[in-house]
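Good morning, colleagues, and thank you for your time.

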Amino acid sequence: KGWDGVLVNIGNHFDLASSIFVAPRKGIYSFSFHVVKVYNRQTIQVSLMQNGYPVISAFAGDQDVTREAASNGVLLLMEREDKVHLKLERGNLMGGWKYSTFSGFLVFPL
């Protein structure tokens, strides 16, 4: 299951059905995400994928906390039509992706 909704999607470059952002042009893009794990004694790991390869990851694995968050962010050089999405590598998220966020935007066109 993917994202529950989109708040801002100027240009419609994020496809809600596939949960993939497609770069409309070459440039420097900023991406950030925040995810919340559920249940004790569980670890989650989420990776930001560019064209199918992991670029950055975040994990939460405190054994004594019911809910714990993990966040990360990055600036990426992207070519036109490069694809970015989040991948849940392990664990379960609180309410699926409902309590998690993913943001991206063009910082500087090249």
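The largest pocket in this predicted model holds about 620 Å³ of space. Its lining is made up of 23 residues, and those that lie nearest the centre are Val-6, Val-8, Phe-102, Ser-103 and Gly-104. Two elements each give two or more residues to that lining: strand 3, covering 27-37, and strand 8, covering 101-109. The largest share comes from strand 8, which supplies six residues. Sorted by class, the lining has 14 nonpolar residues, seven polar ones and two charged ones.

Is Ser-30 buried or exposed? Ser-30 counts as buried because its relative accessible area is 16%, and the cut-off for buried is under 20%. Leaving aside residues up to four places away in sequence, Ser-30 touches Val-74, Leu-75, Ser-103, Gly-104, Phe-105 and Val-107. Ser-103 and Gly-104, as you will recall, are among the residues nearest the centre of the largest pocket.

I turn next to the largest nonpolar core, which has 23 residues. Within this core, the residues with the most contacts are Phe-31, Phe-33, Val-35, Leu-48, Leu-86 and Phe-102. Strand 3 gives two or more residues to the core, as do strand 4 (44-50), strand 5 (53-60), strand 6 (68-78) and strand 7 (83-90).

Finally, which residues does Leu-86 touch? Not counting residues up to four places away in sequence, Leu-86 is in contact with Trp-3, Phe-33, Val-46, Ser-47, Leu-48, Trp-97 and Phe-102. Phe-102 also lies among the residues nearest the centre of the largest pocket.

Terms used: Residues are numbered from 1 along each chain as its sequence is written. This is a predicted model: local features need pLDDT of at least 70, side-chain atom pairs count only at pLDDT 80 or more; totals for chains, interfaces and linings use all residues. Side-chain values use heavy atoms; hydrogens and water are left out. On a 1 Å grid over the protein atoms alone, a cavity is a set of points where a 1.4 Å probe fits but cannot get out, and a pocket is an open set with protein on both sides within 12 Å along at least five of seven lines; lining residues have an atom within 4 Å of a point. Grid points are joined across faces, edges and corners, and a volume is the space filled by probe spheres set on the points. Helices (H or I, at least four residues) and strands (E, at least two) are DSSP runs, numbered from the N terminus. Ala, Val, Leu, Ile, Met, Phe, Trp, Tyr, Cys and Pro count as nonpolar, Asp, Glu, Lys and Arg as charged, and the others, Gly among them, as polar. Buried means under 20% relative accessible area, exposed over 50%, partly exposed in between (1.4 Å probe, protein chains only). Contact means heavy atoms within 4.5 Å. A nonpolar core is a set of buried Ala, Val, Leu, Ile, Met, Phe, Trp, Tyr and Cys residues joined through side-chain atoms within 4.5 Å.
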